[in-house]
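Subject: Structure for your files

Hello,

Here is the structure we spoke about handing over. My notes follow below it.

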Amino acid sequence: MDAGVTAIIYDQQCAADKRRLRARGTDFANLKPEQIDLGDNVRFGLNPAKIRALADNIIEIGGVQEPVTVFAKPGYRYGLTKGFYRYAAVSLINTETNAG
């Protein structure tokens, strides 16, 4: 299983201005975890048991049901703003299945 995540993509300027974020139309893409940069937005460590449970659920239902939120960066890269657990679960699946 080569897991990816569906992402809602905003441009960086909109990501900084929440009011414009709601007003702008959205773009969607299926991204591989290696295309997404986490930056320093993870303020606390993620709970490994929660990541494992979410990964098992993603496998069981066949994919991520709710998109992560990212902003576009240069070079076909994206910065993650929402969905850190979903990102971690998909990364775990890819590591365990040698898909990523």
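How many helices and strands does the chain have? There are 4 helices and 5 strands, where helices (H or I, at least four residues) and strands (E, at least two) are DSSP runs numbered from the N terminus. Their order from the N terminus is β-α-α-β-β-α-β-β-α.

On provenance: this is a predicted model, in which local features need pLDDT of at least 70 and side-chain atom pairs count only at pLDDT 80 or more, while totals for chains, interfaces and linings use all residues. Residues are numbered from 1 along each chain as its sequence is written, and side-chain values use heavy atoms, with hydrogens and water left out.

The chain as a whole: of its 100 residues, 33% are buried (under 20% relative accessible area; exposed is over 50% and partly exposed in between, with a 1.4 Å probe and protein chains only). Among contacts (heavy atoms within 4.5 Å) with a separation of 6 or more, 69% join residues 24 or more positions apart. The number of aromatic pairs is 0 (rings of Phe, Tyr and Trp, the last by its six-membered ring, with centres within 6.5 Å).

Ile51, Ala55 and Ile58 are its buried residues. Viewed down the axis of α3, they fall within an arc of 60° and so line one face of the helix (the arc is taken over directions from the helix axis to the C-beta atoms). Ala49 and Glu60 are exposed on the other side of α3. The cover over the buried residues of α3 includes α4 (84-96).

At the ends of the helix: a side-chain oxygen of asparagine 47 comes within 2.8 Å of the backbone nitrogen of alanine 49 at the start of α3. Glycine 62 follows α3, with a positive phi near 90°.

Two further items. The charged end of lysine 50 sits over the ring of tyrosine 85, 4.4 Å from its centre (the criterion is NZ of Lys or CZ of Arg within 6 Å of the ring centre and within 35 degrees of the ring normal). Isoleucine 59 lies in α3 and counts as partly exposed because its relative accessibility is 43%. Its C-alpha is 9.3 Å from that of valine 90, 31 residues away along the chain.

Regards

Key
Polar contact = N/O pair within 3.5 Å; in protein donor to acceptor, adjacent residues only side chain to side chain. Phe/Tyr/Trp six-rings, centres within 6.5 Å; stacked < 30°, edge-to-face > 60°.
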